[in-house]
Amino acid sequence: MVMGLQGRPWNDCKGKEKDALRARFDALKVEAAAKASPEDKMEAILDEIGIRQSS
């Protein structure tokens, strides 16, 4: 998303810039997982193993 918002192609990101964006993304994932309710976590597990019912 960062590259798109800057009007740059996704594969233009290399080296230290790519490493910094990856670290930021990983930190955001950890933060979001920590804030997820137990129901959200259960849905994620069911999605991962492919057995959640379709709505």
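Student: Why is Glu31 called partly exposed?

Tutor: In this predicted model, Glu31 has 40% relative accessibility. Buried would need under 20% and exposed over 50%, so a value of 40% puts Glu31 in between, as partly exposed.

Student: And what makes Lys35 exposed?

Tutor: Lys35 has a relative accessible area of 65%. The cut-off for exposed is over 50%, so Lys35 passes it.

Student: How do you know that Lys35 forms a salt bridge with Glu31?

Tutor: Look at the closest N and O atoms of the pair: they are 3.1 Å apart. The limit is within 4 Å, from a side-chain nitrogen of Lys or Arg to a carboxyl oxygen of Asp or Glu, so Lys35 and Glu31 qualify. Both residues sit in helix 2, four residues apart, about one turn of the helix.

Student: What joins Arg8, Asp12 and Glu17 into one network?

Tutor: Salt bridges that share partners do that. One of the bridges here is between the side chains of Arg8 and Glu17, at 2.9 Å, N to O.

Student: Why are Arg8 and Glu17 called partly exposed?

Tutor: Arg8 has a relative accessible area of 25%, and Glu17 comes in at 31%.

Student: What makes Asp26 and Arg22 a salt bridge?

Tutor: Their closest N and O atoms are 3.1 Å apart, and the cut-off is within 4 Å, so the pair counts. Asp26 and Arg22 are four residues apart in helix 2 (residues 15-35), so about one helical turn separates them. Asp26 is partly exposed at 31% relative accessibility, and so is Arg22, with a relative accessible area of 48%.

Student: How many salt bridges does a search of the whole structure find?

Tutor: Four.

Student: How do you know that the span of helix 3 is close to the one expected?

Tutor: Helix 3 (residues 38-49) has 12 residues and reaches 17 Å from its first C-alpha to its last. At 1.5 Å a residue you'd expect 16 Å, and 17 Å is close to that.

Student: What radius of gyration does the protein have, and what would a compact globule have?

Tutor: The protein has 16 Å, whereas a compact globule of 55 residues would be near 10 Å. The C-alpha trace spans about 40 × 25 × 20 Å along its principal axes. Buried residues make up 4% of the 55.

Key: Residues are numbered from 1 along each chain as its sequence is written. This is a predicted model: local features need pLDDT of at least 70, side-chain atom pairs count only at pLDDT 80 or more; totals for chains, interfaces and linings use all residues. Side-chain values use heavy atoms; hydrogens and water are left out. The radius of gyration is taken over C-alpha atoms; the globule rule is 2.2 Å times the number of residues to the power 0.38. Buried means under 20% relative accessible area, exposed over 50%, partly exposed in between (1.4 Å probe, protein chains only). Helices (H or I, at least four residues) and strands (E, at least two) are DSSP runs, numbered from the N terminus. The expected span of a helix is 1.5 Å times one less than its number of residues.
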